[in-house]
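Subject: Structure handover

Hello,

Please find the structure below. My notes on what was found in it follow.

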Amino acid sequence: MKVEAQGARDNVVKVAMTKQIDDWQKTAARYRSEPETQEGSEELMKRAQAAEHERDSALARYHNYEIASAAFQIGIVLCSAAVITGMFLLAWVAGGVAILGLAFTALGLFAPHAIHLG
């Protein structure tokens, strides 16, 4: 329409086209950035990046908690085996596995990205 507006011979048509072009440009600028409502594409991009970061942190926490859960379950099984067999070595190994589980729980809480698991 810019090309047509430049070549328009009728002044009324040229003014109408110019007004329409200005309206479209204002709408496009509003779509790009609308700080009042935070709904422009730039603001939405920032919100999306923040949501991606939260998602990545939650996924890292999940992986750490899964490993901690597995360690605790293995520790419980080893403790049960120690009780049944009377072997104290199994109890010590179960304690070590429990400490490993506590370590992964702490990593999940305080430093979920410290170890890259996925």
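By about how many helical turns are Asp23 and Lys19 separated in helix α2? About one, because the two residues are 4 apart in that helix. Helices here are DSSP runs (H or I, at least four residues), and strands are runs of E with at least two residues, both numbered from the N terminus.

Some conventions before the rest. This is a predicted model, in which local features need pLDDT of at least 70 and side-chain atom pairs count only at pLDDT 80 or more, while totals for chains, interfaces and linings use all residues. Residues are numbered from 1 along each chain as its sequence is written, and side-chain values use heavy atoms, with hydrogens and water left out.

Salt bridges

A search of the whole structure gives 3 salt bridges, a salt bridge being a side-chain nitrogen of Lys or Arg within 4 Å of a carboxyl oxygen of Asp or Glu. Accessibility is given in three classes: buried is under 20% relative accessible area, exposed is over 50%, and partly exposed is in between, with a 1.4 Å probe and protein chains only.

- Asp23 and Lys19 are joined by their side chains at 3.3 Å, N to O. Asp23 is partly exposed at 30% relative accessibility, and Lys19 is exposed at 52%.
- Glu39 and Arg47 are joined at 3.5 Å, N to O. Glu39 is partly exposed, with a relative accessible area of 44%; for Arg47 the value is 44%, and Arg47 is partly exposed.
- Asp56 and Arg55 are joined with their closest N and O atoms 2.9 Å apart. Asp56 has a relative accessible area of 35% and is partly exposed.

A buried charge without a salt bridge

Glu34 sits in the loop between α2 (11–32) and α3 (41–85). Glu34 is buried but has no salt bridge, and the nearest side chain of opposite charge is that of Arg30, 4.4 Å away. For charge, Lys and Arg count as positive and Asp and Glu as negative, with His and the chain ends not counted. Leaving out residues up to four places away in sequence, Glu34 touches Glu39, Gly40 and Glu43, where contact means heavy atoms within 4.5 Å.

Helix α3

The 45 residues of α3 should span 66 Å at 1.5 Å a residue, and the end C-alpha atoms are 65 Å apart, which agrees. The expected span is 1.5 Å times one less than the number of residues. Buried residues in α3 include Glu43, Ser57, Ala60, Asn64 and Ala68. Further along, Ala71, Gly75, Leu78 and Ala82 are also buried in α3. The buried residues of α3 pack against α2 and α4.

Ser57 of helix α3 counts as buried at 10% relative accessibility. Not counting residues up to four places away in sequence, Ser57 touches Pro112 and His113.

Ile76, in helix α3, is exposed at 55% relative accessibility. From Ile76 to Trp24 the distance is 67 Å, C-alpha to C-alpha, across 52 residues of sequence. Val77, also in helix α3, is exposed with a relative accessible area of 55%. Val77 and Leu109 are 32 residues apart in sequence and 25 Å apart in space, C-alpha to C-alpha.

Just after α3, Gly86 takes a positive phi of about 80 degrees.

Helix α4 (residues 88–110) has 23 residues and reaches 33 Å from first C-alpha to last, close to the 33 Å expected at 1.5 Å a residue. Its buried residues are Ala94, Val97, Gly101, Phe104 and Gly108, and α3 is included in what covers them.

Phe110 is in helix α4 and counts as exposed at 71% relative accessibility. Together with Tyr65 and Leu109, Phe110 makes a nonpolar surface patch of about 350 Å². Patches are made of residues with over 30% relative accessible area and no salt bridge; like charges are joined within 9 Å and nonpolar side chains (Val, Leu, Ile, Met, Phe, Trp, Tyr) within 5 Å. Accessible areas come from the Shrake-Rupley method with a 1.4 Å probe, and for residues only the protein chains shown count as cover.

Regards
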